[in-house]
Amino acid sequence: MSGSEQGAGRTARPKRADARRNEGVLLDAAATVFVASGVEAPIRDIAAEAGVGTATIYRHFPTRADLIVAVYRHQVEALAEAGPALLASGPQPYAALARWIDLFVDFVVTKQGLASVLQSDDPCYDPLHSYFLERLVPVCAELLDASAASGEIDPGMDPYALMRGVGGLCAGAGNNPRYDARRLVEILVAGLRRRP
């Protein structure tokens, strides 16, 4: 039996904890560089931000598309995990919701750096929007439901509509340095609070 036939039935081993951490550092560095310089930023800039050589980046992500998809998925997963953690550790569900929306703003700002690529004709990016919706809309719904159950907000807020509203406020800045999307989102979230 040839080596390729022997390897065909094997499943990939899960990554070691240190390998996952190292990959997370690379993805965080790439996200930072993408926000500052766009997704076409030189790989050497990402490597410098991560404190590694460019070969390390290419070993983990052979193509720029692989890196972009990985950054997007990494950020979606971090945001999806943050919702339940904030709910479990926060003093009130509304505080957890407000903090999660603040993290969502950070994500949307990074996603805008990826927007031109994500809207390209490259089919490798097609499933990302569905992935985003499948992972994040239920988290937002859980936070809204918990806030409504505690009496802090009125029930019935559509999580998808809220997320689109936040995205719209974040996209409105354009090149206007006086536009404060985060402040506008804070006003939006404050408007969810139940009136006495």
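## Helix packing and nonpolar cores in a predicted all-helix model

L169 touches Y179, A181, L184, V185 and L188, with residues up to four places away in sequence left out of the list; contact here means heavy atoms within 4.5 Å. L169 itself belongs to helix α8. With a relative accessibility of 22%, L169 counts as partly exposed; buried means under 20% relative accessible area, exposed over 50%, and partly exposed in between, using a 1.4 Å probe and protein chains only. Between L169 and A181 there are 12 residues of sequence separation, and their C-alpha atoms are 5.8 Å apart.

The model is predicted, so local features need pLDDT of at least 70 and side-chain atom pairs count only at pLDDT 80 or more, while totals for chains, interfaces and linings use all residues. Residues are numbered from 1 along each chain as its sequence is written, and side-chain values use heavy atoms, with hydrogens and water left out.

**Overall make-up**

The chain holds 9 helices and 0 strands. Helices (H or I, at least four residues) and strands (E, at least two) are DSSP runs numbered from the N terminus. Read from the N terminus, the order of elements is α-α-α-α-α-α-α-α-α. Of its 196 residues, 36% count as buried. Among contacts with a separation of 6 or more, 67% are between residues 24 or more positions apart.

UniProt lists residues 42-61 as "DNA-binding region", in an unreviewed entry. UniProt positions are given in the numbering used here, feature names are shortened, and annotations may be inferred rather than shown by experiment. In the model, this span of residues 42-61 is 75% helix and 0% strand, and its end C-alpha atoms lie 14 Å apart.

**The nonpolar cores**

A nonpolar core is a set of buried Ala, Val, Leu, Ile, Met, Phe, Trp, Tyr and Cys residues joined through side-chain atoms within 4.5 Å. The largest such core has 35 residues, and W100, F104, F107 and L136 touch the most other members. At least two residues of this core come from each of α5 (64-89), α6 (93-118), α7 (127-149), α8 (159-171) and α9 (181-190). Helix α7 gives the largest share, 10 residues. Another core, of 19 residues, lies apart from the largest one and includes L26, A31, F61 and A70. In soluble globular proteins, nonpolar side chains tend to be buried together.

F104 makes contact with L79, F132, L136, M163 and V166, not counting residues up to four places away in sequence. F132, in helix α7, touches Y72, V76, F104, F107, V137 and M163 under that same exclusion of residues up to four places away. F132 and A80 are 52 residues apart along the chain, with 9.3 Å between their C-alpha atoms.

**Aromatic rings**

Rings of Phe, Tyr and Trp (its six-membered ring) pair if their centres lie within 6.5 Å; planes under 30 degrees apart count as stacked, over 60 as edge-to-face and the rest as tilted. By this rule there are 5 aromatic pairs. The ring centres of W100 and F104 are 5.7 Å apart and their planes are at 10 degrees, so this pair is stacked. W100 and F104 are 4 residues apart in helix α6, which puts about one helical turn between them.

The rings of F107 and F132 also form a stacked pair, because their centres are 5.7 Å apart and their planes at 10 degrees. This pair links distant parts of the chain, since F107 is in helix α6 and F132 in helix α7, 25 residues apart. Ring pairs join Y72, W100, F104, F107 and F132 into a cluster.

| Residue | Relative accessibility | Class |
|---|---|---|
| W100 | 0% | buried |
| F104 | 2% | buried |
| F107 | 4% | buried |
| F132 | 8% | buried |

**Charges over rings**

A charge sits over a ring if NZ of Lys or CZ of Arg is within 6 Å of the ring centre and within 35 degrees of the ring normal. R73 lies over the face of Y131, 4.1 Å from the ring centre. R193 has its charged end over the ring of Y94, 4.1 Å from the centre.

**Helix α9**

In α9 the buried residues are A181, V185 and V189. Viewed down the axis of α9, these residues fall within an arc of 75 degrees, so they line one face of the helix. The arc is that of the directions from the helix axis to the C-beta atoms. Of these residues, A181 and V185 are among those touched by L169.
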